[in-house]
There are 4 protein chains.
Amino acid sequence: MYTYSQMTTAAILGCAGYTGQETLDRVLAHPDLEPIALGSDSLAGRPAAALDPRLNRALPAFTTNAEAVAAGADLLFLCLGGDEAAAFEPPSGAVVVDLSGAHRLTDPDVACAWYGNAPGAWSYGLPELYPPAGNLIANPGCYATAALLALGPLAGEIENVVVDAKSGVSGAGKALKQSSHAGFVLENLSPYAVGAHRHAPEIAQQLGAPVCFVPHLLPVRRGLLATCYVQTEVDVRELLEDAYASSPVVRVLPDGTTPELARVQSTDGAEIGVFTDSATGTAIVICALDNLGKGAAGQAVQNANLALGLDETAGLRLHGVLV
Amino acid sequence: MYTYSQMTTAAILGCAGYTGQETLDRVLAHPDLEPIALGSDSLAGRPAAALDPRLNRALPAFTTNAEAVAAGADLLFLCLGGDEAAAFEPPSGAVVVDLSGAHRLTDPDVACAWYGNAPGAWSYGLPELYPPAGNLIANPGCYATAALLALGPLAGEIENVVVDAKSGVSGAGKALKQSSHAGFVLENLSPYAVGAHRHAPEIAQQLGAPVCFVPHLLPVRRGLLATCYVQTEVDVRELLEDAYASSPVVRVLPDGTTPELARVQSTDGAEIGVFTDSATGTAIVICALDNLGKGAAGQAVQNANLALGLDETAGLRLHGVLV
Amino acid sequence: MYTYSQMTTAAILGCAGYTGQETLDRVLAHPDLEPIALGSDSLAGRPAAALDPRLNRALPAFTTNAEAVAAGADLLFLCLGGDEAAAFEPPSGAVVVDLSGAHRLTDPDVACAWYGNAPGAWSYGLPELYPPAGNLIANPGCYATAALLALGPLAGEIENVVVDAKSGVSGAGKALKQSSHAGFVLENLSPYAVGAHRHAPEIAQQLGAPVCFVPHLLPVRRGLLATCYVQTEVDVRELLEDAYASSPVVRVLPDGTTPELARVQSTDGAEIGVFTDSATGTAIVICALDNLGKGAAGQAVQNANLALGLDETAGLRLHGVLV
Amino acid sequence: MYTYSQMTTAAILGCAGYTGQETLDRVLAHPDLEPIALGSDSLAGRPAAALDPRLNRALPAFTTNAEAVAAGADLLFLCLGGDEAAAFEPPSGAVVVDLSGAHRLTDPDVACAWYGNAPGAWSYGLPELYPPAGNLIANPGCYATAALLALGPLAGEIENVVVDAKSGVSGAGKALKQSSHAGFVLENLSPYAVGAHRHAPEIAQQLGAPVCFVPHLLPVRRGLLATCYVQTEVDVRELLEDAYASSPVVRVLPDGTTPELARVQSTDGAEIGVFTDSATGTAIVICALDNLGKGAAGQAVQNANLALGLDETAGLRLHGVLV
């Protein structure tokens, strides 16, 4: 159906991490993208199957990240740590999607306080609410995506915002650390960075108001759920249903249905449930998504599609009713 | 050390459920209690080992619950469903601890709305905050225990209370239902009874103020963690440390240390962490406990000890640093 | 691309169970199949979204299973219990794939002993080794599929066969039972039907030799791994690599690489690892697959594709390197 | 009941690992042992609560392992890596229990091949079958303990031995490695060291016959189950029931009852189930224990009790019917 000349060439930097692997997965399923360079400083020189024996089709071998940039792809996905992403110099003309946090915060003081670098000229891209502009796109954080999908349509109309979030362990990356050791994670639940997580200023920046944010580490591989509590006068359900009425990605559930991880895991969609507390009148908005899907790689490809004028959902995992 | 005549005789009704089994476990470890009747309508006539092959010591066989009452024990533990507990007629003179919700709510209208029965003359017993009075003791709910341990010492000084709680599946009992099926629970997280759970009025009754309460089902066997958010002017850490300074059961953690399930599972203790949100000034109090320990059987035995004038912690599981 | 007249019409009986839901998932992804009837006696009359809110596209509402048969589809999937499947009368001319065990055993005495019914004229269909013949296809059991993929190519050359298998809880279906309760499954591992499981005669029938088979219930949602031990004189790796050299579904891993659940979950592929025990010379063949994929719905669609002359892998989930 | 002068002084080397922590837990519960030195090179100088906030009672601060030896305790537990344990020079007169593998293998060639050191004059101590002799005790491996409890009483009467074992992640220790990362372990099952694990020669040494041994990593925190397959002419159940008839630690289950992790987790007991395969006559013996309990720290204390002439089960966790 497509001829070679119609394909957009893509390079992925940092293929060996969770977000790199997941981005590669979507690029492989994308009808319009051709992966021409797979960057990984740790795997450079090895075949694609060195990452995973399932990668046994025709694929380029891994190169260093620098070599992957030099391949001159039309589209680059930065699946790097924040410091590496901050130091990255975008090639002229290419669309670049940065999955790290390096370019998300727009206020230089706030950005320096949380990430140690000024943000530069990148556009925050959360397609349903804040579509990306230009070629340099800062992909939102996983927690921020869930909180913003839940609360973004209510911005300016809410007070006393509490976001209590829970994420699977893949949100912390593949790096070896005590808090990702299975002996710590299994049969456990642990809050962390309580009231001091760097996704809080990201949420606040987009909402235009401070939020109280507490993340918890779940004993699951993937999936994220944010339970958001607000005081408001507006009709929360109406605003959310209007915001996502035509979205192929975000689904507002019927009254009484609760979101859950199992229905969003390994997909690029998100579910939102809307409730009112019977005792206090508090509005409760719950958003579930996959931290590696809509919370990372899925949204990165969605942002790339918008920047390139492709079908917004090409390459995304939006169907399936798997158990 | 003890002679037979000094022992307090105990009967457990509803031995086959989680709370019955756990209560039995503590009674067996208790130096002053002698189990003389094990009631279970489903296991009546069978030996104790029919419940678990570990129960291979000398123990009475199971009887019906009615026969267990007729045994005339000094102390009865009601590990029954709410309806059965509501219909129970306490024998004169015995100490009775009801682990169901039937007698927790003191306002007749509220009690009828949530449990379908008026509360009667039972005393709510949460030893650290609301010590039991009299022979008939309503043992608190697991969620309520966690929320009250976190917030009880702050009562009257807090506003905009949000309690976001997470519990292992044993909190829902052994009954077979869709939401306790492992195919639903594993790798999942599901909020339920959002803004409409019957532990909310129980918490509100003891705090004297309404709370917004949302429970979530965790993919773990046991353990419960409540993350509580409040607006307040008081020094939260000081009030909590004062409240539990001499408690052998509740531990306020040092500044910066977060509670987690793994340290309270299979114990009768509780951990509390105190934090302040950097962006909004919200006070965050987190309490972790075992829903079957301090949240049920451990607290029931603790209440019984107080009512009987025994050592408050006899039979409890308060030591151990197991992984 | 396809016009209506080119589509094969399909009906699924028993849509509400795990295998029904997974079969539906693959039918929805299949370019040549059109689902015209969704049978479920428990959901009859309700819309497709009643099963799962993700089913929000245009789909027929559920009907009774009898009505689904009456729709006259070219292809029927029986996702029913064994008794219902045994009593099913296939409509003339249709391709029928039975995912239950009712028609797998060909020896009448053995079939009656394990399933209570004679097998009838059904063909056992495990495409890589025993391609289906005719319109009535008995889809293999999940454990049998794994054991046979590991050992089938060695049939006649092996002795002292031990199959130690481990499966996630979805293998036991959605029915509510004690052994599927999350309080039993989580943090547990339990052998069951030790030396007496009905998949043992199924494996033996195809191998032509008895096997010692023990299944274990894993605390995971999906996935199955069979560790097979045999005494043999043949070159096991060579025989297995030859058998699956051109298979798009079964992957023999390189020397030293072990199969694992994580790489086959939610897919229709299978992985095989080949090892020799250093102390005893025993050959060890390990096969991993998804009990609901290659072990059930994926294989059912693969069998249907062969019977209908369609692309063998149409509708299957064979790609993806998801975490 | 005890006066200070009657206490046996104990030192633990390597307190910060899983086996060190669990050994400390049992020493704290032991009526006759007094912990006078807690060795940990990583925690030296810090208070006991630095390891775990539950350790808030009066305890010595951590010292280096060398300092802990110099404290001159009557009893030393070596909870060290194999190389450190191999290099350890036992102080004269002290009872030393080595929980590493350094001193388990008695054949110098075999020991050097698997551990890189000759075994020296240590006694293998598995109390029920091979009671320790002398002051220097090599504590068995977790897998070996399970396989030997299942098969030891049958030694000399069995052929074609297959041991298919499954263990929780704490068996691999607290060290950070890819295969202990929760993103790898959760919802996964992975065989490893297939046919080449160093517990195989340990089992073979005690049985006097080679075994085919394959371990698998389970997605659970603790617990180990070994499914053992043998050809034999003897009455397996009778031999096992005789062997453990008076054991307070090992429980042979009634006919038809299967062992499971949940009943041995966090205990120092073991469960054994005995079965015969209906198709092949193979005897199947299944042993479940806690890899950190009977498989490590519990057995170490049991060995120490025997060497010191104390009550064999003092300090052990053998009661309780916790869920």
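C:Arg222 and C:Asp290 form a salt bridge in which the closest N and O atoms lie 2.7 Å apart. This contact ties together parts of chain C that are 68 residues apart in sequence, because C:Arg222 sits in the loop between strands S10 (212–217) and S11 (224–232), while C:Asp290 sits in the loop between strand S14 (283–289) and helix H9 (293–308). The model is a predicted one, and the count over all chains comes to 60 salt bridges.

**Accessibility of the chain C pair**
- C:Arg222 has a relative accessibility of 3% and therefore counts as buried, the cut-off being under 20%.
- C:Asp290 also counts as buried, at 0% relative accessibility.

**Salt-bridge network in chain A**
- Salt bridges with shared partners join A:Glu22, A:Arg26, A:Arg222, A:Asp268 and A:Asp290 into one network.

**Salt bridges in chain B**
- B:Asp290 forms a salt bridge with B:Arg222, and the closest N and O atoms of this pair are 2.7 Å apart.
- The pair links distant parts of chain B, 68 residues apart: B:Asp290 belongs to the loop between strand S14 (283–289) and helix H9 (293–308), and B:Arg222 to the loop between strand S10 (212–217) and strand S11 (224–232).
- B:Asp290 is buried, with a relative accessible area of 0%, and B:Arg222 is buried as well, with a relative accessible area of 3%.
- A further salt bridge in chain B connects B:Glu271 with B:Arg263, where the closest N and O atoms are 2.7 Å apart.
- B:Glu271 is buried at a relative accessible area of 0%, and B:Arg263 counts as buried at 10% relative accessibility.

**Strand S8 of chain A and its partners**
- Strand S8 of chain A spans residues 158–167 and is mostly covered, with 8 of its 10 residues buried.
- S8(A) and strand S11 (residues 224–232) of chain A run antiparallel and are joined by 8 bridges.
- Within this antiparallel pairing, A:Ile158 stands opposite A:Thr232 in S11(A).
- S8(A) and strand S10 (residues 212–217) of chain A run parallel and are joined by 6 bridges.
- Within this parallel pairing, A:Val163 stands opposite A:Phe213 in S10(A).

How values were computed: Residues numbered from 1 in each chain as written. Chains lettered and ligands numbered in written order. Predicted model: local features only at pLDDT ≥ 70, side-chain atom pairs only at ≥ 80, totals over all residues. Heavy atoms only, no water. Salt bridge = Lys/Arg side-chain N within 4 Å of Asp/Glu carboxyl O. Helix = DSSP H or I, 4+ residues; strand = E, 2+ residues; numbered from the N terminus. Buried < 20%, exposed > 50% of the residue type's maximum accessible area, 1.4 Å probe, protein only. Pairing = 2+ DSSP bridges.
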